[in-house]
Amino acid sequence: MVLTEHDLAIAPPPALLDPRWDGLGVTLHDGVGTLRVWSGHADGIRLVIFDDTDLDWAIETLPLVHVGGGVWEVTTSLLRPGARYAIRVDGPHGPGNMFNPGSLLLEPYSRGLLRGGVNDWRSVVVEGGFDWGGVAKPAVPMDRTVIYEGHLKGLTKRHPLVPPALHGTYAGLAHPAMIEHLQTLGITSVQLLPVHAFTTEPRLLNLGLSNYWGYNTVNFFSPHAPYATKANRREGAEAVLREFKGMVRLLHEAGLEVLLDVVYNHTAEADIGEPRTSFRGIDNRSYYRQQHDGAYIDVTGCGNSVNTSTDAAARFVLDSLRYWANDCQVDGFRFDLAATLGRDAHHTFTPEHPLLRAIIDDPALAGVKMIAEPWDVGMGGWQTGNFGDGWSEWNDRYRDRVRNFWLSDVDYARRADVAPVGIGGFAARLAGSANTFSAERGPLASVNFVTAHDGFTLHDLVSYDVKHNLANGEHDRDGAGTNRSFNHGVEGPTDDETVLATRRKAMRNLLGTLLLSAGVPMLTAGDEFARTQDGNNNAYCHDSPLTWLSWETEPWQEHLAAHVRTLTAARRENPALRPMRFAHEEVQVPGASVMDWYGVDGETMGIADWTSAAHRTLQYVATSTPHVEDFNRILLIVHGDERPTRVVLPQVDGVEHYESLWSSAEEEPRADRAVYEPGDVIEVDPTSMHLFRAVGDAS
């Protein structure tokens with residue numbers, strides 16, 4: 001890539017562009033392969049080539065030569081496509097160093113892996129060529145993005161229309177039956193839990209469990225081989241990579257983006273004393289955060305933390321992102337525990353961390369969606385709203401407020417006859433969380449979610465007051481203890497139709513809030529069908545029907561999915577629901593939505609309406625400021641009390657009538673669209689929402 005003067009103005013810091021670090025890993029050329037490995041403290045590195053059929057038979061060992069900048073290099077015809085190899089690294093002893101020339105290590109830039117046994121890995125040379133057939137990335141604008149977070153295996157493991165040979169595979173996700181479901185649901189972007197090669201921790205193996213979610217990465221350049229079909233696994237690493245790319249191409253052909261959940265904050269090497277498989281043996285001092293005596297500084301809760309304050313570790317992350325975004329055509333990334341990546345040499349988070357800025361400013365990553373999980377478990381680790389321009393963030397404050405409003409507040413009101421708070425805080429989240437994200441970043445910095453892979457499913461959120469995690473083997477100590485959930489009177493399964501009906505409406509309210517809020521919505525896979533995990537809010541270790549999506553549904557579940565389809569359509573068709581910027585009181589802001597708030601009487605809300613716990617009802621009129629789409633205006637009624645009420649529809653300049661689009665009070669979305677006049681009085685059901693399009697002239 002040739003950088004222009006403009007590119008250099010926004011390019012990563014010079015240290016991260018050091019040309020001596022280009023071409024790390026294996027490069028094939030002129031009938032030979034060149035391996036380049038970085039280690040700033042090594043005394044020597046050797047390449048070990050293994051037999052094509054016996055992973056324990058080393059057929060050749062070759063030394064690497066130090067060529068400057070901490071890079072070691074060797075060129076040999078033995079590094080051909082399909083070759084299995086490892087490296088041995090020697091170096092000084094002392095605090096922070098963990099060199100052992102007897103250890104066989106994975107080369108960090110490996111595009112393919114083979115596993116011989118527990119913690120016994122070999123790198124594999126792959127060519128990586130692929131015919132993309134001219135298929136381009138969908139490039140879905142952020143304001144039109146609807147994210148669907150799911151597990152690669154769990155999505156299709158039980159899908160009846162996906163052939164059994166493709167169940168739980170990359171190819172299975174790209175099957176027409178799965179694509180049709182995503183398209184009709186209104187999804188634009190599939191966000192996959194980790195698909196970088198990962199392994200299961202020894203502790204879980206001893207319990208007979210597995211690391212299902214995949215947040216335990218072994219290698220950051222190789223797709224997880226067990227997610228490929230058996231045929232491609234037998235064919236080898238090249239075929240596994242080809243299947244992954246084929247999945248991306250087919251999803252792109254369908255207009256669907258692929259986002260990857262990436263775990264650059266720690267590795268599967270865990271704490272000191274755990275297996276030495278790669279970084280620890282290559283240059284422990286440079287890759288992991290540690291005290292002067294070599295003790296690890298763990299801000300991830302996983303035993304180690306990658307030290308992105310070193311140029312080598314930061315460059316490694318950047319190179320990995322470039323590979324997946326360009327060679328594999330991935331559309332975006334969700335960064336697990338992203339606060340760890342932004343910690344400096346003193347282990348303090350800074351939004352201007354060179355790596356965080358490089359990820360956004362790198363021309364090779366232009367147009368790629370970057371989403372931070374803006375926290376870790378270290379000191380000062382909660383950083384929601386504090387990332388820089390170009391980043392979007394998981395908005396946990398949105399999640400908590402929405403759950404409170406529809407669940408724990410209602411639970412409280414049943415016992416105290418009044419909710420603990422009113423509607424003001426909820427309205428702020430509905431309108432894009434301007435109290436969390438700056439005007440410069442706007443509402444699209446907020447990735448809104450009510451549930452995620454981590455925590456209760458939507459069904460369990462309205463069905464359980466407490467977690468039920470005994471099956472995890474930790475005596476129910478794991479998983480969040482505060483869930484802001486509400487079982488609506490019965491813990492878990494029940495035949496009480498009154499309780500079940502109230503739960504269904506609560507789910508519709510939560511989904512309605514999610515898909516009608518300003519910001520970027522993220523729906524958790526299976527929530528459209530009210531998938532349950534039997535109250536387990538930390539099912540990371542279960543690769544079983546507990547965590548796989550069930551596609552056998554009852555009528556009420558199909559009705560819930562129909563609500564999701566109705567809501568995504570309303571969002572797509574009404575730009576007022578998806579502003580790109582925050583409005584300003586004094587100047588017109590293109591792409592913003594001007595928001596006006598009314599009480600039950602149709603009059604502008606007063607201070608008491610915002611602050612009093614007795615006021616749990618509002619009317620919200622959002623008026624678009626045309627930018628790239630036609631003028632649009634909506635009215636949303638939110639009623640957060642279990643007693644019905646009456647609402648006077650507001651008189652708004654230019655509005656001739658209100659056309660009903662959706663109501664959470666209905667078990668199944670209605671096809672007919674009732675029309676109301678400004679000033680009409682309508683009945684509003686207990687704890688419900690009602691969406692209208694405001695029809696009339698712009699004024």
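Tutor: A crossing of two helices is right-handed if the near helix is turned clockwise from the far one by less than a right angle, and left-handed if anticlockwise. The model discussed here is predicted.

Student: In which hand does H12 pass H15?

Tutor: The two helices are H12, residues 396–416, and H15, residues 497–516. For H12 passing H15, the crossing is right-handed.

Student: Are H12 and H15 roughly parallel or roughly antiparallel?

Tutor: Their axes lie 10 Å apart and the packing angle is about 150°. Angles over 145 degrees count as roughly antiparallel. H12 and H15 are therefore roughly antiparallel.

Student: How many nonpolar residues are in the contact of H12 with H15?

Tutor: H12 contributes Tyr 398, Val 402, Trp 406, Leu 407 and Arg 414, while the H15 side includes Ala 506, Leu 510 and Leu 514. By class, the contact has one charged residue, three polar ones, and nonpolar residues numbering seven.

Student: Is Tyr 412 buried, partly exposed or exposed?

Tutor: Tyr 412 belongs to helix H12. Buried requires under 20% relative accessible area and exposed requires over 50%. At 37%, Tyr 412 is therefore partly exposed.

Student: How many disulfides does the structure hold?

Tutor: A disulfide needs two cysteine sulfur atoms within 2.5 Å. For Cys 302, the closest cysteine sulfur is in Cys 541, 14 Å away, which is too far for a bond. The number of disulfides in the structure is zero.

Notes:
Residues numbered from 1 in each chain as written. Predicted model: local features only at pLDDT ≥ 70, side-chain atom pairs only at ≥ 80, totals over all residues. Heavy atoms only, no water. Axes fitted to C-alpha atoms, helices over the stretch in contact; angles between N-to-C directions. Helix = DSSP H or I, 4+ residues; strand = E, 2+ residues; numbered from the N terminus. Parallel < 35°, antiparallel > 145°, perpendicular 65-115°, else oblique. Contact = heavy atoms within 4.5 Å. Nonpolar A, V, L, I, M, F, W, Y, C, P; charged D, E, K, R; others polar. Buried < 20%, exposed > 50% of the residue type's maximum accessible area, 1.4 Å probe, protein only.
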